[in-house]
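Please study the sequence and the model displayed below.

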Amino acid sequence: MVTKQNESKRLIKCFLIAQIIFLLIISLRSAQLLHNLEIYAYDHFVVWKAEQSSIDSRIVLVGIDEPDFEQSGWPLSDKVLVQLLNELIVLKPKVIGLDLYRDKPIPNDPEITNNPDFESLNRLLNQQSNIIGIKNYSGVEAPPGLANTNRVGINDIIRDQNAVVRRSILYLKANNQIHFSFPYLLFKQFTGIKMQRDPQDPDAITLDKERIVRFNKTDGGYIEAEDRGHQFLLDYRGGHQSFPMHSMTDVLSRKIPNNSMNAKIVIVGITAKSEKDFFTSPFQTTDNQSQDLLGIALLGHITSQLIRIAEAESNSLKTMSDPNEWSYIWIASLVGALTAYWLRRMAILISITLVQLLILYQLCWIAFIYNWWLPLIPTAIAWFLSSTAVAIYRLTQDRREKQFLQQIYSPYLPQNVAEILWQTRDKLLDGNRLRPHNLTATVLFSDICDFSPVAEQLQPEELLNWLNPYMQAMLKTVTNHNGMVNKMIGDGIMAVFGAPVKRTSEVEIREDAVNAATCALEMGKALDLLNKDFRRQNLPQMKIRIGIMTGPLVAGSIGDKERLEYTVLGDTVNIAARLESHDKTSNHENTYRILLGKSTLAYLSKYFSTRYIGQIKLKGKSEQVSVYQLIDKT
């Protein structure tokens, strides 16, 4: 129950971190600090999708370029324009779009009141029902010949803050009057389809059966964008490919094949660089080699997209509502946080996070293929920051827990035991304390015989030179045999085999007992080597007593938060200590004497030679205990 409470607290903290990151991302997004990155990602998606499709062959461009200027002059006279239109009419296009302002005669001579060429142009425009002209919403009027017709569209282009054209106007409404766009009128003339208001959605119109939802100023990655009129996002199908194009000179000289414009949309406009009728498209933001988009090519893309939407060849791009986008980003933040919470190994976390971000990227790309613009950048940043923040939180928690474990457990802990201890820390820790638990282990006590009288005869420096090598050798021996040094009191050592990681099977308990017995023998042999050095240094010889007992223990921590110690308690500890101190006055011949309890002997089997000492009443015990002396390995 305690474990679940601690785990719940950590999960709540991770949840709060995810919430903070989510609110941070929403704030950054509202402040438009992520706008450029998100729009840049959008441009990449637009370009990649556009380049996977072909250009619309139903649209043909007629460009008036620099050579045409040299041959026919500029501005283009009404007479030449009439000739151009007549030649195009012969080629039988279904609709001709004239992307040229003609509200005044050219050449414009104030002394001439009746300009026959201008009258001829306007008469042609009025009589030829498949010609669509332009006007400007800002004030440039339509040609007089089209003034009272419904064949004049506005050619206003919406540019984003970085001058890139990503949207187009379907119509504008002012003073209770609707101004249709030039591309829409080309589309309507070509298909015969009129836009209708969607009865179920006031922000959508239909072209035949397909819907175009009105662009809102916060759609996709936009924040407070200009959204006047009914706008929609462009797909630029065909990418870098160019619409079929002919020069004005080629048309006038009749070099155009008879069927190249038949039943198609022809858009006439300026292509000469000196007039700068160019626009920046997403291709320029993603590819520095791309050139600016011709004005008539941009109109071609817009018209083509309307035709494809009406004929169900493609759909208009859709975006999520603000609440859905927030939910999407919130889920990403939460997933990133939970990933970091459950994956503690940093290398695995980094790998999994990278895979998750790649999956997120693929998800956004697939959604874009199916005409959904999902927020990539804020979602990815939320995911990454949540994962990073929780990882830092976990690392901080792990560092604290590791310091706590290092403080409470002996620093003389075998590396393999320390690793298992760290991996199972959640089962051991209860907040800032160790969780008490029962275990079966083998306890070893060792002590130097007659230490106090010898210590009194030595100078402090000599005493330390005598004691330090001994302690170093003994501690190393315990660690080498997977024992944990639990306490060092003066010259005494208490070691536990089978803790702090709980051992449950008989095989494991036997292994601990064997390790303790082997360790005791090795401690004796190490002492023999030390005594040789002591003789050379004229230091006293050492003898040690060792007691070993196997049995049940209670393990946990004692003390306050300022000083906690790991301890094992129980009769097994008491018996091991009494075995070590038994018969202190006898002067055993060997350098070391090792006494065992009966329960330890039961695990040593035939691999050790022992000698039965007898039934002995140990100090503090009401009943006698069977005692054995460990001699050596067999």
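The charged end of R394 lies over the ring of Y341, at 4.5 Å from the ring centre. A charge is said to sit over a ring if NZ of Lys or CZ of Arg is within 6 Å of the ring centre and within 35 degrees of the ring normal. K94 provides another such case: its charged end sits over the ring of F190, 5.4 Å from the centre.

The model is predicted, so local features need pLDDT of at least 70 and side-chain atom pairs count only at pLDDT 80 or more, while totals for chains, interfaces and linings use all residues. Residues are numbered from 1 along each chain as its sequence is written, and side-chain values use heavy atoms, with hydrogens and water left out.

Rings may also pair with one another. A pair of aromatic rings is described by the distance of the centres and the angle of the planes. Here, rings of Phe, Tyr and Trp (its six-membered ring) pair if their centres lie within 6.5 Å; planes under 30 degrees apart count as stacked, over 60 as edge-to-face and the rest as tilted. By this rule there are 20 aromatic pairs. In one of them, F15 and W330, the ring centres are 6.4 Å apart and the planes stand at 80°, so the pair is edge-to-face. F15 belongs to helix α1 (residues 2–30) and W330 to helix α10 (residues 322–342), so that the pair links distant parts of the chain, 315 residues apart. Helices (H or I, at least four residues) and strands (E, at least two) are DSSP runs, numbered from the N terminus.

Buried means under 20% relative accessible area, exposed over 50%, and partly exposed in between (1.4 Å probe, protein chains only).

The rings of W48 and W365 form another pair; because their planes are at 85°, with the centres 6.0 Å apart, this pair is edge-to-face. W48 lies in helix α2 (residues 35–50) and W365 in helix α11 (residues 346–369), so the pair ties together parts that are 317 residues apart in sequence. W48 is partly exposed, with a relative accessible area of 35%, whereas W365 counts as buried at 13%. Both residues belong to a cluster in which ring pairs link Y42, F45, W48, F215, Y222, Y361, W365, F368 and W373.

Cysteines come next. A disulfide is a covalent bond between the sulfur atoms of two cysteines. With a disulfide taken as a pair of cysteine sulfur atoms within 2.5 Å, how many does a search of the whole structure find? The search finds zero. C519, for example, is in no disulfide, and the nearest cysteine sulfur, that of C449, is 17 Å away. C519 is buried, with a relative accessible area of 0%, and C364 also counts as buried, at 1%.

Attention now turns to helix packing. Two packed helices are described by the angle between their axes and the distance between the axes. Axes are lines fitted to C-alpha atoms, for helices over the stretch in contact, and angles run from 0 to 180 degrees between N-to-C directions. The axes of helix α4 (residues 78–90) and helix α5 (residues 116–127) come within 8 Å and cross at roughly 30°. Helices α4 and α5 are therefore roughly parallel to each other (angles under 35 degrees count as roughly parallel, over 145 as roughly antiparallel, 65 to 115 as roughly perpendicular and the rest as oblique).

The loops beside these helices contain particular backbone features. The peptide bond from W74 to P75 is cis, with omega near 5°, and P75 is placed in the loop between α3 (66–72) and α4. A cis peptide bond also leads from I106 to P107, with omega near -5°; P107 is in the loop between β2 (95–98) and α5. In the loop between α4 and β2 is K92, which has a positive phi of about 60° although it is not a glycine. K92 is exposed, with a relative accessible area of 59%.

Technical notes: Disulfide = S-S within 2.5 Å.
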